[in-house]
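Reader: Please put the model on screen, and then we can go through it by question and answer.

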Amino acid sequence: MYYNLYRSLYGDFLMELSDILIKRRKELKLSLREAANKIGISHGYLDKLEKGYDPRTNTANKPTPETLALISKAYKLNYYELMIICSYIDLNELQKISGV
């Protein structure tokens, strides 16, 4: 069963990817290194994603759709909801199309 991000997406606000990653890792009781290994990325990159920005450049992190797929599988999160959170899919357009 996949963890449902419905409340964070359709509630009063849209959660940041960094908040979701930290919350889910803690729920799974994984260290940063364990989580990164489970996902298939470096612990340094996961740390940057959890911070929400690259401390060297002070720019926001936006993982690729491929990385989001790895996160989705490892953390049992809905891939399409992660794509919405990272602005690969526009939530307003999706709502117009689906009539939600």
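Reader: Which element of the chain has the lowest mean pLDDT?

Author: The average pLDDT over the chain is 84, and 79% of the residues score at least 70. Over residues 9-13 the pLDDT stays under 50, although the model has 9 contacts beyond four places in sequence for them. Where pLDDT is low, predicted coordinates should not be read in detail. By element, the highest mean is 98, for helix 3, and the lowest is 47, for helix 1 (residues 6-10).

Reader: What percentage of the residues in the chain is buried?

Author: The accessible surface of the chain is about 6,500 Å², and carbon and sulfur atoms account for 52% of that surface. Of the 100 residues in the chain, the buried share is 33%.

Reader: Among contacts between residues at least 6 apart in sequence, what share joins residues at least 24 apart?

Author: Thr67 and Ile41 illustrate a separation of this kind, being 26 residues apart in sequence with C-alpha atoms 8.1 Å apart. Thr67 also touches Ile41. For the chain, the share joining residues at least 24 apart is 54%.

Reader: Which elements are included in what covers the buried residues of helix 5?

Author: The buried residues of helix 5 are Thr67, Leu68, Ile71, Ser72, Ala74 and Tyr75. Their cover includes helix 2, helix 3, helix 4 and helix 6.

Reader: Why does Thr67 count as buried?

Author: Thr67 sits in helix 5 (residues 65-75). Leaving out residues up to four places away in sequence, Thr67 touches Ile41 and Tyr45. Buried means under 20% relative accessible area. Thr67 is therefore buried, because its relative accessible area is 11%.

Reader: Is Ile39 buried or exposed?

Author: Ile39 belongs to helix 3 (residues 32-39). Beyond four places in sequence, Ile39 is in contact with Leu46, Leu70, Ile71, Ala74 and Tyr75. Its C-alpha atom is separated by 9.5 Å from that of Leu68, 29 residues apart along the chain. With a relative accessibility of 4%, Ile39 is buried.

Reader: Which backbone nitrogen does the side chain of Asp54 reach?

Author: Asp54 is in strand 1 and counts as buried, at 11% relative accessibility. Not counting residues up to four places away in sequence, Asp54 touches Lys48, Thr59 and Asn61. Its side chain reaches, at 2.9 Å, the backbone nitrogen of Arg56.

Reader: What is the relative accessible area of Asn58?

Author: Asn58 lies in the loop between strand 1 (53-54) and strand 2 (59-60). Although Asn58 is not a glycine, it has a positive phi of about 60°. The cut-off for exposed is over 50%. Asn58 is exposed, because its relative accessible area is 61%.

Conventions. Residues numbered from 1 in each chain as written. Predicted model: local features only at pLDDT ≥ 70, side-chain atom pairs only at ≥ 80, totals over all residues. Heavy atoms only, no water. Helix = DSSP H or I, 4+ residues; strand = E, 2+ residues; numbered from the N terminus. Buried < 20%, exposed > 50% of the residue type's maximum accessible area, 1.4 Å probe, protein only. Contact = heavy atoms within 4.5 Å. Areas by Shrake-Rupley, 256 points an atom, 1.4 Å probe, with all protein chains shown as cover. Polar contact = N/O pair within 3.5 Å; in protein donor to acceptor, adjacent residues only side chain to side chain. pLDDT = per-residue confidence, 0-100.
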